[in-house]
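Here is a friendly note to read with the structure open beside you. Take the points one at a time, and find each residue as you go.

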Amino acid sequence: MAVERVWLGWDRAILPAAARWLRDRYAQPSGWDLSGVDVVLPTARAGRRLMELLVEATDAPLVPPNVVTVGRLPELLYEDDAVADPLTARLAWVAALRGADAAVVEQVTRLTDHASPALAWVAAAADLAGLAETLGADGATPADAVAAAGGERWDAVAALTAAYEAELAQHGLTDRHAARRAALRDGRCRAERDTILIGCVDLPGVARAMLQAAADDSQARVTALIGAPDTEAAAFGAAGELAADAWADRTPALRPEQVVTAEGPREQARAAADAIAEATASGGVSARQVTVALGDEALAPTVARTLEMSGAAARVAAGAPVSRSRPARWLSAAADYLRSRRFDDFAALLRHPDAAGEVEGVE
């Protein structure tokens, strides 16, 4: 059974249209039971908004669906109880780094001194995990990169990946990307419940392959809701993802006055704040209906702070890394001071908001 594509049009917002489609397919006079449905959306925020729309759409009892983001889709399509959770996987990366030869570590990070702060090793492990995520999204491995490009750095990444996987194996665990590849290879992809994709136009390659394999070998229905008319069928793939070649030669319908040139990141952020203020001034558009898309995710903190200073609540969709959380920054400042005993490191520790209560009253 192939993935069913449903065309919702692009003359209205996709989430309200999807909520109506779900109501039409699953609602009953006695209630609306979506407990056997998995709904997949690009972001967690979209999932929360869909839940609001579902509640608003009915006065009858509602049993909500299981709502996940695209990143968790593959784990709905196979079973493997030995897959390591994210924290365990991160610790295994740290162990692989700290157990590797200095020459190998030097190829991927500047950390070669095992006395370096623990958070520094965690940050280096996060970089490697991110690289593995990028490769794994399309079913690739560092060994594939070595075969394609070669080079000492890729050799080092491949060696560290092997050490990481060996670390997990010692505890009877496996990496989730390896588990996905194994599920595809062994024909173990199944959709046990109805699976609905809403606006998932950027599906990673491995998710597409697993989804198609599951749709071909399952009794449950797999449906992609697409925010476009059926006249655009050639511009979308079999699972509702964008067909890049079909969009390559299209010219965006932007008027010259819609393009604003800014000198740098701060100026870009201020221009975005001005545009949002102008759009929301009439009351026809609320700030929560505005999405600011960035070509460089490193600009997200600057843009968010600028928007907040202008009075618009902003939330970075990607979230914030643990290393930027208040407890992590406090631990990092404490470690810096304990290692150096320098006055400026002590002052930085005292400036942390969570240190205020600890030193209150100290003479």
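1. Let's begin on helix 11, which covers residues 265-281 and holds both arginine 270 and glutamate 267. These two sit 3 residues apart, about one turn of the helix. Please keep in mind throughout that you are looking at a predicted model.

2. What do the side chains of arginine 270 and glutamate 267 do? They meet in a salt bridge, at 3.5 Å from N to O. In general, side chains of opposite charge can pair when their charged atoms come close. Arginine 270 counts as partly exposed, at 43% relative accessibility, and glutamate 267 is partly exposed too, with a relative accessible area of 29%.

3. Now look at helix 2 (residues 44-56), where arginine 49 and glutamate 52 also lie 3 residues apart, about one turn of the helix. A salt bridge joins this pair, and its closest N and O atoms are 2.7 Å apart.

4. Another salt bridge to find is the one between glutamate 257 and arginine 255, at 2.8 Å from N to O. Glutamate 257 has a relative accessible area of 55%, so it is exposed, because the cut-off for that word is over 50%. Arginine 255, at 47% relative accessibility, counts as partly exposed. How many salt bridges does the structure hold? The count is 14.

5. Next, turn to strand 4 (residues 37-41). Why can strand 4 be called largely enclosed by the rest of the structure? The reason is that 5 of its 5 residues are buried. Both faces are covered: Val37, Val39 and Leu41 are buried on one side, and Asp38 and Val40 are buried on the other.

6. Which strands pair with strand 4? One is strand 7 (residues 194-198), which runs parallel to strand 4 and is joined to it by 4 bridges. There, aspartate 194 stands opposite valine 37. Another is strand 6 (residues 66-69), paired with strand 4 in the parallel sense over 4 bridges. In strand 6, asparagine 66 is the bridge partner of aspartate 38.

7. The largest nonpolar core has 24 residues, and the members that touch the most others are Leu73, Leu197, Leu203 and Leu211. Helix 8 (176-185), helix 9 (205-216) and strand 8 (222-226) each supply at least two residues of this core. Which element gives the most to this core? Helix 9 does, with 6 residues. Apart from this core lies another, of 21 residues, including Val6, Trp21, Leu34 and Ala46.

8. Leaving aside neighbours within four places in sequence, leucine 197 is in contact with several residues, among them Val40, Leu73, Leu203, Leu211 and Val222.

9. Finally, move to the surface. Leu119, Val122, Trp330 and Leu331 form a nonpolar patch there, and together they have about 300 Å² of accessible area. Which helices each supply at least two residues of the nonpolar patch? They are helix 5 (118-136) and helix 13 (326-340). Leucine 331 has its place in helix 13.

Key: Residues are numbered from 1 along each chain as its sequence is written. This is a predicted model: local features need pLDDT of at least 70, side-chain atom pairs count only at pLDDT 80 or more; totals for chains, interfaces and linings use all residues. Side-chain values use heavy atoms; hydrogens and water are left out. A nonpolar core is a set of buried Ala, Val, Leu, Ile, Met, Phe, Trp, Tyr and Cys residues joined through side-chain atoms within 4.5 Å. Buried means under 20% relative accessible area, exposed over 50%, partly exposed in between (1.4 Å probe, protein chains only). Contact means heavy atoms within 4.5 Å. Patches are made of residues with over 30% relative accessible area and no salt bridge: like charges are joined within 9 Å, nonpolar side chains (Val, Leu, Ile, Met, Phe, Trp, Tyr) within 5 Å. Accessible areas come from the Shrake-Rupley method with a 1.4 Å probe; for residues, only the protein chains shown count as cover. A salt bridge is a side-chain nitrogen of Lys or Arg within 4 Å of a carboxyl oxygen of Asp or Glu. Two strands pair if DSSP finds at least two bridges between them.
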